[in-house]
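This report looks at the contact between two chains and at selected side-chain interactions within them. The sequence and the structure come first.

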2 protein chains.
Amino acid sequence: MDENKRPENMARITTREQAEAFIAEQIEALRKQVGSRKVLLALSGGVDSSVVAALLIRAIGQQLVCVHVNHGLMRKGESEQVVAVFRDQLKANLIYIDATDRFLDKLAGVSDPEAKRKVIGGEFIRVFEEEARKLKDIDFLAQGTIYPDIIESDKGVKAHHNVGGLPDDLHFELVEPVKLLFKDEVRVVGAALGLPASMVNRQPFPGPGLGVRCTGAITRDRLAALREADAILREEFDRAGLAGKVWQYFTVVPDYRSTGVRGGGRVFDWPVIIRAVNTVDAMSATVPELDWALLKKITQRILDEVPGVCRVLYDLSPKGPATIEWE
Amino acid sequence: MDENKRPENMARITTREQAEAFIAEQIEALRKQVGSRKVLLALSGGVDSSVVAALLIRAIGQQLVCVHVNHGLMRKGESEQVVAVFRDQLKANLIYIDATDRFLDKLAGVSDPEAKRKVIGGEFIRVFEEEARKLKDIDFLAQGTIYPDIIESDKGVKAHHNVGGLPDDLHFELVEPVKLLFKDEVRVVGAALGLPASMVNRQPFPGPGLGVRCTGAITRDRLAALREADAILREEFDRAGLAGKVWQYFTVVPDYRSTGVRGGGRVFDWPVIIRAVNTVDAMSATVPELDWALLKKITQRILDEVPGVCRVLYDLSPKGPATIEWE
């Protein structure tokens, strides 16, 4: 039997009871696999790695070592939430690394989208590797692989291993407790594990984080503007009851300026672009018809609260020919 | 009496009868001022210079020489309309100069907004001056000065003479038949003179034309995309009955690209920005809440019909802190 093949008779996990049964089963399997040895996990704060962390904390407690690398491209409050939930509430063995300066220094002046992704991905592996080498007696590497990742890898579309670029001498046995689950099942399991709704229902977020939404060469001031604008957008969508109704929504701050007026003087500032999309399969996407009152409220808050911004735009483009992200 | 001061008892021209009376009065005054001599006019296609041209054609016929300089930054069909209306219909003495290459060559690589404006304004004067020197026995220069221009000049805000940079040896006496009129009165007079509604009700259009809406360094391909997108926007606003209801609407194509997908492949194309504003005094402006069906139709047409474009955005920004134009 192929252990990477979801059994045809496996029921879709939709209820709390099914989730509890899955959790109990996995706890037993994890204890059997790991014994008294140690497991390392790169905890990004995304749904998948968070659920794997919570499962492992239940199964093996302090034998799990979580490493959270803050690459400086997280959304507002995300790294803080990882610490609050895993270190403070779940008492996890969590190593928090603020690598903001390291990433942003490496990214300075890099404007090509592919080059940016390579810098971020490569640096992530180096930071994680350095931490892994400091730790003793780690035999396992836990990963938040889910079933769509396996299906896509089989198709050769893309390699989905979160930290798949580690050097050969760092040889770990893999622990992938949710690898046969679909995303919606992972969320049900996460809720049953007691993770906060804001973490369990988190929107898809690209690995390079805000890095691909601070388009062109990233600067600290523009990244700060992006983070604030994005937080305002998420807060107002939440208040309007759109969280979970609109599939994905975020802001983009391009490396481009236009004229404005403030305090009687001329300014030359950035625009903030609001991107919101609905999709069934992420292959195509449509743009929701938002309430004008909401759009105007978000616009005014961004213009009032975010330094360096003089315009707000709504991206009307379906996918295709546009992509969901801007780079 | 100050001839640049509107008499306090002068009634606002709002009716056809008032317009006819004004026209008759001006025809007499113009014939008296000009006699059998010749008048030169830079005919941009804007409301003011078009109304002055039509007035002068009525008054002095072939003694008026109109020069239309197409700087390559006109909207789609505008120069063609100038020729159709003034040469073909009104039988004006019209010199049409296609200076597209001359302007675009000078503008190549010029990205600073102020530098662009200077190139366009300076080149316009040089082209016009060259034509003026070829003509013999011209004593007068007609200009579409209107009353707000005079008020603003008095305040020292800006010099509004259309071709105010001509060299001293080209000394003309000025002919300014609508200098005491407000814009709405000029439109009423234009309609009474038989000018087409699309010309008389033309939206305000900056002197540098599409040049300030093809932001950054102008290229021919991006300028072509801008012109097509702008024509689609105007056509759909007209069809939706918004012409005359929304104060100003146009498109901007910035010198910036984002990713898209076409025919299974990756593209890196421009966004088209839809800018629409309502204003009472142009000092502040609000953004109209357009029908989503209209926005989506315009978006789809632009994405389908305009090469090099993969996104369409709606500018939600009020003035201030945004300006109406992008540079």
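How much area is buried between chain B and chain A, and what share of that area do carbon and sulfur atoms give? The area buried between chain B and chain A is about 3500 Å², and carbon and sulfur atoms give 64% of it; buried area is the accessible area (1.4 Å probe) that two parts lose on being put together, summed over both. The model is predicted, and local features need pLDDT of at least 70, side-chain atom pairs count only at pLDDT 80 or more, while totals for chains, interfaces and linings use all residues. Residues are numbered from 1 along each chain as its sequence is written, chains are lettered from A and ligands numbered from 1 in the order in which they are written, and side-chain values use heavy atoms, with hydrogens and water left out.

**The interface**

Chain B and chain A each bring 42 residues to the contact, where contact means heavy atoms within 4.5 Å. On the side of chain B, Tyr256(B), Trp292(B) and Pro321(B) supply 23% of the area that this chain buries against chain A, more than any other three residues. Between chain B and chain A there are 27 residue pairs in polar contact, both residues being at pLDDT 80 or more; a polar contact is a pair of N or O atoms within 3.5 Å, and within protein one must be able to donate a hydrogen and the other to accept it, with residues adjacent in sequence counting only if both atoms are side-chain atoms. The elements that give two or more residues to the side of chain B that touches chain A are strand S7 (258-262), strand S8 (265-277), helix H10 (292-305) and strand S9 (309-315) of chain B. Helices (H or I, at least four residues) and strands (E, at least two) are DSSP runs, numbered from the N terminus.

Four salt bridges are found across the interface of chain B and chain A, a salt bridge being a side-chain nitrogen of Lys or Arg within 4 Å of a carboxyl oxygen of Asp or Glu. Lys296(B) forms a salt bridge with Glu289(A), with 3.6 Å between the closest N and O atoms.

Asp315(A), in strand S9 (residues 309-315) of chain A, has a relative accessible area of 0% and is therefore buried; buried means under 20% relative accessible area, exposed over 50%, and partly exposed in between (1.4 Å probe, protein chains only). The side chain of Asp315(A) makes a polar contact of 2.6 Å with the side chain of Ser317(A), and another polar contact, of 2.7 Å, joins it to the side chain of Arg311(B). Leaving aside residues up to four places away in sequence, Asp315(A) touches residues including Trp326(A), Val312(B) and Leu313(B).

**Salt bridges within the chains**

Over all chains, a search of the whole structure finds 60 salt bridges.

| Salt bridge | N to O distance | Relative accessible area |
|---|---|---|
| Arg133(A) and Glu129(A) | 2.9 Å | Arg133(A) 38%, Glu129(A) 17% |
| Arg257(A) and Asp269(A) | 3.9 Å | Arg257(A) 35%, Asp269(A) 12% |
| Arg220(B) and Asp105(B) | 2.9 Å | Arg220(B) 43%, Asp105(B) 53% |

Arg133(A) and Glu129(A) both lie in helix H5 (residues 113-134) of chain A, four residues apart, about one turn of the helix. The salt bridge between Arg220(B) and Asp105(B) links distant parts of the chain, with Arg220(B) in helix H9 (residues 220-239) and Asp105(B) in helix H4 (residues 100-107) of chain B, 115 residues apart. In chain A, Glu235(A), Glu236(A), Arg239(A), Lys297(A), Arg301(A) and Glu305(A) are joined into one network by salt bridges that share partners.

**Aromatic rings**

Eight aromatic pairs are found over all chains; rings of Phe, Tyr and Trp (its six-membered ring) pair if their centres lie within 6.5 Å, and planes under 30 degrees apart count as stacked, over 60 as edge-to-face and the rest as tilted. Tyr147(A) and Phe182(A) form an edge-to-face pair, 5.6 Å centre to centre with 85° between the planes. Tyr147(A) counts as buried because its relative accessibility is 9%. Ring pairs also link Trp292(A), Tyr314(A), Trp292(B) and Tyr314(B) into a cluster.
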